[in-house]
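Please open the structure in the viewer and keep the selection tool at hand.

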Amino acid sequence: MDLGLSGKRAAVAASSAGLGLAVVEALAAEGCSVVISGRDPERLSRAAGGIPGAVPVVADVSGAAGAEAFVTDARAALGGGIDILVVNAGGPPDGSYESFGPADYLEALHLNLMSVVAMCYAVTPEMRERRWGRILAITSVTARQPVLGLILSNTARAGATGFLKTLAGEMAADGVTVNSIQPGLHDTARLRSVWDEELPAVTRKVPARRLGDPGDFGRVAALLCSEWAGYLTGAAVPVDGGLAQGLQ
């Protein structure tokens, strides 16, 4: 199936490893020129070297200023424009309510809400002018169904989801779609570091009875960025093996 992405210019934030890297690989396979980004120049260079057409850009998107700078640098690296922006950032520390104070929430909001807001503000003017654009945010299934022990992520991701839903309504008439994709438990180094010895028990709670394949996640993300998905906007799509059980 041709997704109609050949020749499009894509920028994927925080993508030198994990699910972000899987999205870079999927978009590159569809013929996109793709900016791959991360904070560690050596890891970034290794990741980019294995992907034809990937352009490495060192970036730290943990706050609004770095997120805006990423969009600016990615635009220049792609030759002056971004057709597809995949918004992503690492997750905040895990822990319960008693583990944190108000300052920790503010840091999490900078990481997983304000970085999203800044990247969107930086890219939407050019997309509206061209009357075509795709913004896809990698958030978390915690925005749909809060997970105990991830109170910072639950809080910040829910705010980002509300912002993206609102933005989608304002951009729709200009040919710009805004969606989020909500990963559940995918087999990444980050997941294994969080759950460690508890991972087998956690995996048994997934109706699919397995961890997600990052490659499968990347291909779903590419579909959401495609010509085929031009009438899909304001959606928060779970890719979680059935983990989230709510009706919405």
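Select Met 1, Leu 223 and Trp 228, which form a nonpolar surface patch of about 380 Å². Such a patch joins nonpolar side chains within 5 Å, from residues with over 30% relative accessible area and no salt bridge (a Lys or Arg side-chain nitrogen within 4 Å of an Asp or Glu carboxyl oxygen); areas are Shrake-Rupley values with a 1.4 Å probe. The model is predicted: local features require pLDDT of at least 70 and side-chain atom pairs 80 or more, while totals for chains, interfaces and linings use all residues. Numbering starts from 1 along each chain as its sequence is written, and side-chain values use heavy atoms, without hydrogens or water.

Keep Trp 228 selected: it is exposed (over 50%), at 58% relative accessible area. Trp 228 sits in the loop between helix H8 (214-224) and strand S7 (236-239); helices (at least four residues) and strands (at least two) are DSSP runs.

Next, select Asn 88, in the loop between strand S4 (84-87) and helix H4 (102-130). Is Asn 88 buried or exposed? Asn 88 is buried (under 20%), with a relative accessible area of 11%. Its side chain reaches the backbone oxygen of Ala 14 at 2.9 Å.

Finally, select Phe 70, Ile 82, Leu 85 and Met 119, the residues with the most contacts inside the largest nonpolar core, which has 33 residues. A nonpolar core consists of buried nonpolar residues, Cys included, joined through side-chain atoms within 4.5 Å. H4 gives this core its largest share, nine residues.

Technical notes. Buried < 20%, exposed > 50% of the residue type's maximum accessible area, 1.4 Å probe, protein only. Polar contact = N/O pair within 3.5 Å; in protein donor to acceptor, adjacent residues only side chain to side chain. Patch = residues over 30% accessible without salt bridge, like charges linked within 9 Å, V, L, I, M, F, W, Y side chains within 5 Å.
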